[in-house]
Amino acid sequence: MTTSATPVKGKAPLGAILRGRSVPGRVVPVIATFVLFVLLFGVGAARYEGFTSGQVVANLFIDNAFLIVIAVGMTFVIVTGGIDLSVGAVVALSTMVAAASLRAGLPAPLVVLLVLLMGSTLGLLMGLVIHYFEIQPFIVTLAGMFLARGLCFVVGVESISIKDPTFRSFATAAIPLSQNVSITWSVVIALALVAVAVWVLHRTRFGRTAYAVGGSESSATLMGLPVAKVKIGVYVISGLCSAIAGLLFSLYMLSGYGLHAVGMELDAIASVVIGGTLLSGGVGYVLGSLLGVLVLGVIQTLISFQGTLSSWWTKIAIGTLLLLFIVMQRVFMRRQP
Amino acid sequence: MTSTRPLDRFRSSPLLWPLVALVVLLAANAVVRPSFLALRFQDGHLYGSLVDILKNGAPTLLIALGMCLVIATRGIDLSVGAVVAIAGAVACSSIVGAGDPTSAKAAFVGMGLALALCAVLGLWNGFLVAALRIQPIIATLVLMTAGRGIAMLITDGQIITVRNPTFRTVGAGFLLLPVSILIAVAVFVLVAIVTRKTALGLLIESVGINPEASRLAGLRSRTIRWTVYVFAAICAGIAGLMISSNVSAADANNAGLWIEMDAILAVVIGGTSLAGGRYSLAGTLLGALIIQTLTTTVYSMGIAPEITLVFKAVVVIAVCLLQAPKVRAVLLRRTPRRPARPVSDAEPAAAQHAQTPTASMVEKVAQS
């Protein structure tokens, strides 16, 4: 985009590019996330043998497929200036409903449909309450979180394992990319969802309106944009994404349990923020969130490769990164009014 | 208050629905289990379900008090649960590491250290929010994520158990009533006196309505915001001491898990708006009691304890809906109002902030 203008002058004004004349300030966090990802990966590659193998990268996607899906849904919500705390609980509820209905003998396609319907309905209900009763998203989705977690235990207190042959074969099927690298169907589904989300958020009217609502809801209303549709729609999308993530998670764990995915909403919010989305709304990219998830994944991989570091260092590292990115956003947003 | 009729005043009070909810819950309990309201006096202690509710609700109430002031400044503190874990971890590991782990000195040193560290964590939150001007919800999310990691770092991932009679008094001791209740009540009264009998409460509310206007009006809005975060962290620290002293152990993973959510709910159920600008201490007290009563109700009625969350969700949604201005407008339109009461234009807007008559004036000044 900038290279077309620079040959005329002969010298590329690198400073101008860095100073943000051609790169909008809101893209900088995404680039920074990408640089961080490469750096972290480089550190791993330099320190540990076998870190650069293709399967490590593939595992990064396999182990985080569900988180990618949740982060995508969360990006939509946060872009409109809302927040969805219910995602982790909806993931758990989805695994529970899927496992319980499979145990009851329902056919797998029907179960998938049922779970997706349930997730979107929960999202729709929360969206309706948030928009029409003007109660803060934080409280409504918090109540949604309690409700979904509680419903898990209504379905069953124990963990239910999934024995359905369709689910099992789908979960264990490996798609070979090369001789010794393979991925699962979950990764394909997650990446396809990312592609769809990129298109919806950046290329459709719905997506543009979501940014407008996040920028200023009253301005969007005055412009005649369908604010109600979009504000409710993003929660439906988030609910649907959580249900899909729940299905992927039940493939990953091959069980349903009410205590699955505890605290996953925080991971999702952290990856969205690390991916450069502003929690105040109006700015954010789906690909940024994908990078955010990958950064979290690399940190976990690094810690497991290291071997002697305990798992709580992951939490501290995520917190520190979150802090860095928030402060960085603060700096860039102040410079760009 | 614009109305002089006690009934009208009661009906428009934001405390009405929380109070109704609490009374209904207590009545339901009393009907199902008549012994619920009974109080026994034994060995110089007071026993009974009501005392249990108060005792178990004390940590939530303490945290909710801190949270209430934070929310009044249009902030939020998500890190309190992590601070609870850190306080317990610091106190217990300090007591275990002391020369004589059963002495009163070790207990006081441990608790002092814990509270000092909590104050530092509060300073950190306040620094992010007031000095760097980061949105409170993300600023405190940092500590919420990292905090449990820090607590586990302190306890080395273990559950530390202590045997210290002095330390045990804080959470499990009795002085006619359980000591934890007395501490919570003392803090409540202190906050009520300091913020409602001086101008401080008004200043906090004005910062919540418009920080910039408050600053221009000569308030130290930055200092005020900073202070409320420190106060919230110290409250969380005391609650953390109570929780870990009650079980004589520090569990970095589970101590105070989701307590920030309970505290926020208590504040919101009590009629304090998350948009800031006004707060109700009595409402917060009611809210904390409702949440604890709900939990106890579920236990005592023989419902599976795992389902508590569903009940909590239902109550929260119901109370929030009843408080939502839009729903109230619909409800009030249906009930026939007494005619011929002259109402000036300014009154309906002012009535919402009627708890403190001056708050609405500040708002008007701030908005103009």
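Colleague: In this predicted model, is R133(B) buried, exposed or partly exposed?

Modeller: R133(B) lies in the loop between α5 (104-131) and α6 (136-155) of chain B. Its phi is positive, about 55 degrees, although R133(B) is not a glycine. A residue is buried at 20 or more other C-beta atoms within 10 Å and exposed at 12 or fewer. With 14 C-beta neighbours inside 10 Å, R133(B) is therefore partly exposed.

Colleague: Which class, buried or exposed, does E134(A) belong to?

Modeller: E134(A) is placed in the loop between α6 and α7 of chain A. Its phi is near 55 degrees, a positive value in a residue other than glycine. The count of other C-beta atoms within 10 Å of E134(A) is 11. Because the limit for this class is 12 or fewer, E134(A) is exposed.

Colleague: How is α6(A) oriented relative to α7(A)?

Modeller: Helix α6 (residues 108-132) of chain A packs against α7(A) with the axes 9 Å apart and at an angle of about 150 degrees. The cut-off for this class is an angle over 145 degrees. The two helices are therefore roughly antiparallel.

Colleague: Which residues make that contact, and how many of them are charged?

Modeller: From α6(A), the contact takes L122(A), M126(A), V129(A) and I130(A), while α7(A) supplies P137(A), V140(A), T141(A), G144(A) and A148(A). The crossing of these two helices is right-handed. By class there are seven nonpolar and two polar residues, and the number of charged residues is none: no charged residues.

Colleague: Is α4(A) parallel, antiparallel or oblique to α14(A)?

Modeller: Helix α4 (residues 54-79) and helix α14 (residues 286-306) of chain A have axes 8 Å apart and an angle of about 135 degrees between them. Their crossing is right-handed. An angle of over 145 degrees would be needed for the roughly antiparallel class, so α4(A) is placed as oblique to α14(A).

Colleague: What is the make-up by class of the contact of α4(A) with α14(A)?

Modeller: On the α4(A) side the residues include V56(A), L60(A), D63(A) and N64(A). On the α14(A) side they include V286(A), S289(A), L290(A) and G292(A). The make-up by class is 11 nonpolar, six polar and one charged residues.

Colleague: How far apart are the axes of α9(A) and α10(A)?

Modeller: The residues in contact are V200(A), L201(A), H202(A) and R203(A) of α9(A), with F206(A), G207(A) and A210(A) of α10(A). By class, four are nonpolar, two polar and one charged. Helix α9 (residues 185-203) and helix α10 (residues 205-215) of chain A meet at an angle of about 65 degrees, and their axes are separated by 5 Å.

Colleague: Which helix gives the most to the side of chain A that touches chain B?

Modeller: The contact takes 35 residues from chain A and 32 residues from chain B. On the side of chain A, the elements that give two or more residues are α7 (137-155), α13 (264-274) and α15 (312-335). By class, this side has 25 nonpolar, six polar and four charged residues. With 12 residues, the element that gives the most is α15(A).

Colleague: Why is chain A described as being as compact as a globular protein of its length?

Modeller: Chain A has 15 helices and four strands. For its 337 residues the globule rule gives 20 Å, and chain A is close to this, so it is as compact as a globular protein of that length, with a radius of gyration of 21 Å.

Colleague: What share of the residues in chain B is buried?

Modeller: Chain B comprises 17 helices and six strands. Of its contacts with a separation of 6 or more, 77% are between residues 24 or more positions apart. Among the 368 residues of chain B, the buried share is 50%.

Colleague: Is G75(B) buried or exposed?

Modeller: G75(B) sits in the loop between α3 (49-72) and α4 (80-97) of chain B. Leaving aside neighbours within four places in sequence, G75(B) is in contact with V70(B), V129(B), P136(B) and R225(B). There are 26 other C-beta atoms within 10 Å of G75(B). Since 20 or more is the cut-off, G75(B) is buried.

How values were computed: Residues are numbered from 1 along each chain as its sequence is written. Chains are lettered from A and ligands numbered from 1 in the order in which they are written. This is a predicted model: local features need pLDDT of at least 70, side-chain atom pairs count only at pLDDT 80 or more; totals for chains, interfaces and linings use all residues. The radius of gyration is taken over C-alpha atoms; the globule rule is 2.2 Å times the number of residues to the power 0.38. Two residues are in contact if their C-beta atoms, placed from the backbone, lie within 7 Å. Ala, Val, Leu, Ile, Met, Phe, Trp, Tyr, Cys and Pro count as nonpolar, Asp, Glu, Lys and Arg as charged, and the others, Gly among them, as polar. Axes are lines fitted to C-alpha atoms, for helices over the stretch in contact, and angles run from 0 to 180 degrees between N-to-C directions. Angles under 35 degrees count as roughly parallel, over 145 as roughly antiparallel, 65 to 115 as roughly perpendicular and the rest as oblique. A crossing is left-handed if the near helix is turned anticlockwise from the far one by less than a right angle, and right-handed if clockwise.
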